[in-house]
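Trainee: Let us go through this model together, one question at a time.

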Amino acid sequence: MPRFRQLALIAGLAAILATPAMAEDLKVMSFNVRTMTGNDGLNGWTHRRDLFADTIRQLHPDVIGTQELYKAQGDDTIDRLPEYTWFGRDRYGDHRDEHMGIFYRKDRLKIVESGDFWLSDTPDKVASITWGNIFPRMVNWALFERTSDHKRFYLLDTHFPYRDQDEDARSRSAHEIAAWIAKLPANVPVILTGDFNTGPDSETHKALTATFKDAWIAAPKHEGPAETFHDFTGKATKRIDWILYRGVEANSVRTITVSKDGRYPSDHFPVQADFTL
């Protein structure tokens, strides 16, 4: 090989090695599952559990904050998506009711530590209820480490009360979460997923976005409708499912409107944001 070609080849290889690897996206989804209780007829879980898993499979998020998850629904999903696992106690502190279950890809993430707290005057008391709530409300959380580069982030997942008269309880919940997060290390990113049961014009949103960014507002790329709750109609009316964050960069966000034969995986559209960690 002529010497100049050798030099050119060496220079080319050196340039490739010197070029930083493309940053991996961290894909985060918020997904209200819709419980197994109630009379949902053809929208019952057995009719949509395959579509629920297929929706996740298509987007392949690294981590998912769910709401209204029953243990059987979580286990059904893992049976169909064995690359994932999930954790979390339910809102009564065991596994008989709704969970804010957090799913994550075992090949991409590991848990460093995890826990939960209740949205009440006594957050360390399991199943505690105050502020006029009729059910316990809680937060499930974990400190994750990405196995490829050992970068860490916190993921918190929650579900706020739903009634019109619960706006004060939602606001109090937002302030409690903000105060809890303020005690975390400032140099570790935090992502908050949830069904907040109120709109972005609320005091709840204002309290949280005082220190967080809303992915739907801040990300440069959007896909799908802003609204997320559609009651199995496919016509969403409210943007109540949010992904909030600090310490990462939001690259894109999308609302997933997938359906099959007129059926949807839930009465909420899931939302996914892709971040640079």
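Trainee: What is the volume of the largest pocket?

Mentor: First, the ground rules: this is a predicted model, where local features need pLDDT of at least 70, side-chain atom pairs count only at pLDDT 80 or more, and totals for chains, interfaces and linings use all residues. Residues are numbered from 1 along each chain as its sequence is written, and side-chain values use heavy atoms, with hydrogens and water left out. A pocket is an open set of points on a 1 Å grid over the protein atoms alone, with protein on both sides within 12 Å along at least five of seven lines; points join across faces, edges and corners, and volume is the space filled by probe spheres set on them. For the largest pocket, that gives about 270 Å³.

Trainee: Which residues lining the largest pocket are the closest to its centre?

Mentor: Lining residues have an atom within 4 Å of a point. The largest pocket has 18 of them, and the closest to its centre are Tyr162, Asn197, Phe229, Lys238 and Ile240.

Trainee: How many residues of that pocket lining are charged?

Mentor: Sort them by type: Ala, Val, Leu, Ile, Met, Phe, Trp, Tyr, Cys and Pro count as nonpolar, Asp, Glu, Lys and Arg as charged, and the others, Gly among them, as polar. The lining of the largest pocket has three nonpolar and five polar residues. The charged ones number ten.

Trainee: Now the cavities. Which element gives the most to the lining of the largest cavity?

Mentor: A cavity is a set of grid points where a 1.4 Å probe fits but cannot get out. The search finds one cavity of 30 Å³ or more, and the largest has a volume of about 50 Å³. Two elements give two or more residues to its lining: helix H6 (215–218) and strand S11 (241–246); helices (H or I, at least four residues) and strands (E, at least two) are DSSP runs, numbered from the N terminus. With three residues, the element that gives the most is S11.

Trainee: How many residues of the cavity lining are nonpolar?

Mentor: The lining includes Ala215, Trp216, Trp242 and Ile243, along with Asp214 and Arg239. Two lining residues are polar and three are charged. The nonpolar count is six.

Trainee: How far does helix H4 (residues 167–182) reach from its first C-alpha to its last?

Mentor: The expected span is 1.5 Å times one less than the number of residues. H4 has 16 residues, and its expected span is 22 Å. The model comes close to that, at 23 Å.

Trainee: What do the buried residues of H4 pack against?

Mentor: Buried means under 20% relative accessible area (1.4 Å probe, protein chains only), exposed over 50%, and partly exposed in between. In H4 the buried residues include Ala169, Arg170, Ile177 and Ile181. Contact means heavy atoms within 4.5 Å. Their packing partners are strands S5 (109–118), S6 (138–146), S7 (152–159) and S8 (190–195), helix H5 (203–208) and S11.

Trainee: Which residue forms a salt bridge with Arg108?

Mentor: Side chains of opposite charge can pair when their charged atoms come close. Here the closest N and O atoms are 2.7 Å apart, and the partner of Arg108 is Asp62.

Trainee: How many residues apart in the chain are Arg108 and Asp62?

Mentor: Both are buried. Arg108 is in the loop between strand S4 (102–105) and S5, and Asp62 is in the loop between helix H2 (45–59) and strand S2 (63–67). The pair links distant parts of the chain, with a separation in residues of 46.

Trainee: Where is Arg34, which has a positive phi although it is not a glycine?

Mentor: Its phi is about 75°. At 21% relative accessibility, Arg34 counts as partly exposed. Its place is the loop between strand S1 (25–32) and H2.

Trainee: How many salt bridges does the structure hold?

Mentor: Another of them pairs Glu223 with Arg254, at 3.2 Å between the closest N and O atoms. That pair joins strand S10 (residues 221–223) to strand S12 (residues 249–255). The total is 22.

Technical notes:
Salt bridge = Lys/Arg side-chain N within 4 Å of Asp/Glu carboxyl O.
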